[in-house]
Amino acid sequence: MLLLHCPLLLLLLPLGSRPQKFPTRDEELFQMQIRDKAFFHDTSVIPDGAEISSYLFRDTPKRYFFVVEEDNTPLAVTVTPCDAPLEWKLSVQELPEEASGEGSGDPEPLEQQKQQITSEEGTELFSYKGNDVEYFVSSSSPSGLYQLDLLSTEKDTHFKVYATTTPESDQPYPELPYDPRIDVTSLGRTTVTLAWKPSPTASLLKQPIQYCIVINKEHNFKSLCAVEAKLSSDDAFMMAPKPGLDFSPFDFAHFGFPADSNSGKERGFLKPSKFGRQTSSKPRVDLHRVCIGNKNIFTVSDLKPDTQYYFDMFAVNTNTNMSTAYVGTFARTKEEAKQKTVELKDGKVTDVFVKRKGAKFLRFAPVSSHQKVIFSVHSCLDAVQIQVRRDGKLLLSQSVEGVRQFQLRGKAKAKYLIRLKGSKKGASMLKILATTRPNKQSFPSLPEDTRIKAFDKLRTCSSVTVAWLGTQERNKFCIYKREVDDNYNEEQKRREQNQCLGPDTRKKSEKVLCKYFHSQNIQKAVTTETIRGLQPGKSYLLDVYVIGHGGHSVKYQSKLVKTRKFC
């Protein structure tokens, strides 16, 4: 007599379980009882051809029993370690007479059957120790009581067990091709292209297969179960049960990849997706998964240059949510192209462009002995980070906005290496001047405040009055105006704040006037100007340029003004 149509019952008996009866041999009643969690409060029962996900405490063994009631029965058992190596052993002993297919009447209490079962060790059929997915397969197994013992000596861990008496027809795991390796077909600084042969389960059996790639920088994985464990913040992919209790497999009907998942549409690499049931929303940042449907070529992007990555490929049967691992591979991305070092000439301004988050290197080697060296930096857009080293020793590290000047102590035959690093916001443009002659000043001096102030009370329908600060150094100031739309806003103004664009880029019609100005009393270094000939109710963008003795100009912060509509 069988519990189901198939002659296999897999039964987990935790040590020290409370007395209870085996499920009835009546199939309809059995189907009802397996949904009754009170009935299986400390036992996991899996019908033939199902997979159980369970948990092992360190140094605490677990034992599974399953019954093969007919001789010459095919048998396949698969054990999948997740996050720790397992020791497991499969053995068989003769069935107690009361448990044979000829028995009738009420089943015996569980404790009495256990005494009969455990009184003999049985014959060992197979044993394994390690973290590989391992199989026991037999085309003709004798009837008997099969016993599967599992132990983890390293740490608490998860594992999966699958058993079937119809391995030829079930085939829940995707089959691997004759060459299960992943090929690296292209390698770049931030990309790696992978290719692999399709699973025969998809090409021949026409079953729905999708491929999932796992990328990390530590090691290859032998199962998706191991990936799931690694992704969870507590190093486990589901909560550990309380001691003495076990999981009901029916709580995890869709454990693993959800059958209705959209993961085949994912293209981004840096956003790790969820694996079935997770306990944390904080996956580890160094491990990522992307599922790409049934394609067998994929380019991983957004990698770091000169970094070794490990790539694993899993074929997932979307009908069964069970997977098979290809042979993983690894590859190191190419190094960044070595940047050329720009040579700075004494007293000459050099234009430099730095990519977003990028870096540029410059070198200054004075030809003669010197007591001082001066670096003048004009950051045209966002702030830029500057580092200066003399013969390998760090002398300066600062963030620069606008115009800054740094004076360093010189040294005979010294060589200076300047590193410029762009901001995270966007690309950076700057001008830099290095000189050993203190009187060689190409950039004009600037006040601390480079804003333009508009006087609202002096505003008319055709004019506006503005003021700005100067310095003790006599410089030339030029003011320009440009009419803008009423919807012109601060964000548009910010995007146009390239301080390195001089008056030569402006239309002649936009020029208002130029004048020289300075004051020995820094408190009185303020100048005002009234701009006339404007239209009523119109908006204008005003720019002030200060031009130094070397001809280099710096733009003050633009000012948006509006004339009165009615006067």
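Biologist: Which residues of helix α5 are buried?
Modeller: In this predicted model, the buried residues of α5 are Leu224, Cys225, Ala226, Val227, Glu228, Ala229, Lys230 and Leu231.

Biologist: What covers the buried residues of α5?
Modeller: The cover includes the strands β5 (73–81), β10, β13 (209–216), β14 (287–291), β16 and β17 (322–325).

Biologist: What makes Asn475 buried?
Modeller: The relative accessible area of Asn475 is 1%, and the cut-off is under 20%; therefore Asn475 is buried. Asn475 sits in strand β28 (residues 475–484).

Biologist: Which residues is Asn475 in contact with, leaving aside its neighbours within four places in sequence?
Modeller: Asn475 is in contact with Pro444 and Ser445, with Lys515, Tyr516 and Phe517, and with Val546, Ile547 and Gly548.

Biologist: Why does Phe57 count as partly exposed?
Modeller: Phe57 has a relative accessibility of 24%. Buried would need under 20% and exposed over 50%, so Phe57 counts as partly exposed. Phe57 belongs to the loop between β3 (51–56) and β4 (62–68).

Biologist: How many Å separate the C-alpha atoms of Phe57 and Leu151?
Modeller: The separation is 8.4 Å, although the two residues are 94 residues apart along the chain.

Biologist: Why is Met429 called partly exposed?
Modeller: Its relative accessible area is 31%. Partly exposed is the class between buried, under 20%, and exposed, over 50%, so Met429 is partly exposed. Met429 is in strand β25 (residues 428–435).

Biologist: Which residues make the nonpolar surface patch of about 240 Å²?
Modeller: The patch is made by Phe353, Leu381 and Met429. A patch residue needs over 30% relative accessible area, and Met429 has 31%.

Biologist: What makes β3 and β8 the edge strands of their sheet?
Modeller: The open sheet has 4 strands in the order β3-β10-β5-β8, with antiparallel pairing. Both β3 and β8 (134–141) pair on one side only, and they are the edge strands. Direction ignored, neighbouring strands of this sheet are turned by 15 degrees against each other on average.

Biologist: How do you know that β3 is joined to β10?
Modeller: Pairing requires at least two bridges. Strand β3 is joined to β10 (residues 157–164) by 6 bridges, and the two run antiparallel. Ile52 stands opposite Val161 in β10.

Biologist: How do you know that β16 and β18 pair?
Modeller: Here 4 bridges link strand β16 (residues 308–317) and β18 in the antiparallel sense. The cut-off is at least two bridges, so β16 and β18 count as a pair. Tyr310 stands opposite Phe330 in β18.

Biologist: Which residues form the covered face of β18, and which the uncovered one?
Modeller: In β18 (residues 329–332), Thr329 and Ala331 are on the covered face, while Phe330 and Arg332 are on the uncovered one. Side chains in a regular strand alternate between the two faces of the sheet.

Biologist: How many residues of the protein chain are there, and what share count as buried?
Modeller: The protein chain has 567 residues, of which 47% count as buried. The chain contains 6 helices and 33 strands.

Notes:
Residues numbered from 1 in each chain as written. Predicted model: local features only at pLDDT ≥ 70, side-chain atom pairs only at ≥ 80, totals over all residues. Heavy atoms only, no water. Buried < 20%, exposed > 50% of the residue type's maximum accessible area, 1.4 Å probe, protein only. Patch = residues over 30% accessible without salt bridge, like charges linked within 9 Å, V, L, I, M, F, W, Y side chains within 5 Å. Areas by Shrake-Rupley, 256 points an atom, 1.4 Å probe, with all protein chains shown as cover. Salt bridge = Lys/Arg side-chain N within 4 Å of Asp/Glu carboxyl O. Contact = heavy atoms within 4.5 Å. Axes fitted to C-alpha atoms, helices over the stretch in contact; angles between N-to-C directions.
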